[in-house]
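Welcome! Take a look at the sequence and the structure first.

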Amino acid sequence: MLCSRIRTALSARLDGEELPPGLTPRRLDDHLTGCRDCRRWEAQARALTAGLGRATAHPEDDAAAADALLARLRSVSAGPGAVSPGTADNGGTRAG
């Protein structure tokens, strides 16, 4: 099964949404058992979701929470094909 399809399903599960057609929780868990990259992706997605939840739980701490979350995102190494924060747009120019 394609990891991109698994990651879509993981995102849905994290958001409390239904899994895509043809994917069951067991198939998803079976894939995670055998795929280190998807386990890592899920851990990073869970951390991001938790960080966003904390940042929005205390509006008075928005600036500090946002700075902490950005620092955490920058410290996580980007996976294959991912774009690191701050590299998607380089002032209107892209390295090529």
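What is the relative accessibility of Asp 37, and how does Asp 37 count on that scale? At 33% relative accessibility, Asp 37 counts as partly exposed; buried means under 20% relative accessible area, exposed over 50%, and partly exposed in between (1.4 Å probe, protein chains only).

Before going on, please note that this is a predicted model, in which local features need pLDDT of at least 70 and side-chain atom pairs count only at pLDDT 80 or more, while totals for chains, interfaces and linings use all residues. Residues are numbered from 1 along each chain as its sequence is written, and side-chain values use heavy atoms, with hydrogens and water left out.

The structure holds 5 salt bridges, each being a side-chain nitrogen of Lys or Arg within 4 Å of a carboxyl oxygen of Asp or Glu.

| Pair | Closest N to O |
|---|---|
| Arg 13 and Asp 29 | 3.1 Å |
| Asp 37 and Arg 40 | 3.4 Å |

Arg 13 lies in helix α1 (residues 3-14) and Asp 29 in helix α2 (residues 25-34), so their bridge ties together parts that are 16 residues apart in sequence. Helices here are DSSP runs (H or I, at least four residues), numbered from the N terminus. Arg 13 and Asp 29 also belong to a salt-bridge network with Glu 42 and Arg 46.

Asp 30 and Arg 26 both sit in helix α2, 4 residues apart, about one turn of the helix. Arg 26 is exposed at 63%, whereas Asp 30 is partly exposed at 44%.

Notes. Helices (H or I, at least four residues) and strands (E, at least two) are DSSP runs, numbered from the N terminus.
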